[in-house]
Amino acid sequence: MSSVAPPTSGVARSSATPRWAPFYWARPCWASSALALLMLFVAACDRLALDSEERPEGNQNQPPEPGVLDQPAPPPPAPPVLPAPSLGDRPQSFADLAERADPAVVFVRTIQARARRIVGEGQGTGFVFDSDGFILTNNHVIDGARDIHVAFPNGRELRAEIVGKDPPTDVAVLRVKERGLPFVPLGDSDATRVGDWVIAIGNPFGLAHTVSAGIVSAKGRTRDDVQLPGDASGYYNFIQTDASINPGNSGGPLIDLTGHVVGMNTAIRQQANSIGFAIPINMIKELLPQLRTKGRVERSAIGVHVSSVRPEDVER
């Protein structure tokens, strides 16, 4: 028998399919399957995009369908913005208020004398409260003065006389021989509230007609809060303010936003900044009738003597 040699590279192939042919034809089949899968994926993406475009706006917040990734939760709504607190009648400037009141504020100059000898000079502030020439100031401003002169903003200087004074409350009334003077009206200190705006006009350290602004810091300050030299039995009920008050402001007006005097500047706390005290104008108004007519204040008094209880007192 003759044996058949295996085909070599130099011999032509027969038309019969070789044994390794199935592996050769498998390549085109795999490529076709991959192409078909790619086309299906592209078609699915197009469908999802079309569905999202056709979905109505009202359904945007609906939960996603199964298989769709969850979206992050929307942020919580912002809290409502509260309106700024109203500042009421707070003025843009105190200039108009100061301009109306300043003509009635005077610079008080005194000459202190003892046994016909001049021992010093003093200065302070006062304000006209009656157009007939009546002026209010502190008693300690004019106490012991031989001569008193008051200077007005227009440059006029007049001699003043003491009408009445009350050391326990540190109040004094002066008068000049002039009529038709500008004056500041007296207000109601009881209606003044802590936190109200006020201005002080005076002559601190000789700086005439200085205006400062602040608020009413407290009310009802007693002699335990304000240590003043003089009569320890004084009737004190001060208004505390942070409007700048300095030596020379004594006797000047403390004015509210309506242009009315609510207090008379009297004292300061030496060891602190912006702590001043004013006598309430309602207290002063109670004293004015007696000061203008009698020159002093007459008060009722009751005498009380305290002693130990004795045996004979028990039988009574």
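Which strands does helix α4 lie across, and which of its residues are buried?

Analyst: A caveat comes before the details: this is a predicted model.

Helix α4 spans residues 281–293. The helix lies across two strands, β11 (261–268) and β12 (276–280). Against β12 it runs at about 40 degrees.

Both strands belong to a closed barrel of six strands. The order is β7-β8-β9-β12-β11-β10, and the pairing is antiparallel. On average, neighbouring strands of this sheet are turned by 45 degrees against each other, direction ignored. Strand β7 (residues 197–202) and strand β10 (residues 253–256) run antiparallel and are joined by three bridges. Here alanine 200 stands opposite leucine 254 of β10.

Back to the helix. α4 counts 13 residues. From first C-alpha to last it reaches 19 Å, close to the 18 Å expected at 1.5 Å a residue. The helix still bends, by about 40 degrees at leucine 287. Proline 289 follows within four residues of that point.

Now the buried residues. They are Ile281, Asn282, Met283 and Ile284, then Leu287, Leu288 and Leu291. An α-helix has 3.6 residues a turn, so residues three or four places apart point the same way. The cover over the buried residues of α4 includes β11 and β12. It also includes β2 (117–130), β3 (134–138), β5 (157–166) and β6 (171–176).

After the helix comes glycine 295. Its phi is positive, near 85 degrees.

Conventions: Residues numbered from 1 in each chain as written. Predicted model: local features only at pLDDT ≥ 70, side-chain atom pairs only at ≥ 80, totals over all residues. Heavy atoms only, no water. Pairing = 2+ DSSP bridges. Axes fitted to C-alpha atoms, helices over the stretch in contact; angles between N-to-C directions. Contact = heavy atoms within 4.5 Å. Expected span 1.5 Å × (residues − 1). Bend = angle between axes of the 7 residues up to and from the residue. Buried < 20%, exposed > 50% of the residue type's maximum accessible area, 1.4 Å probe, protein only.
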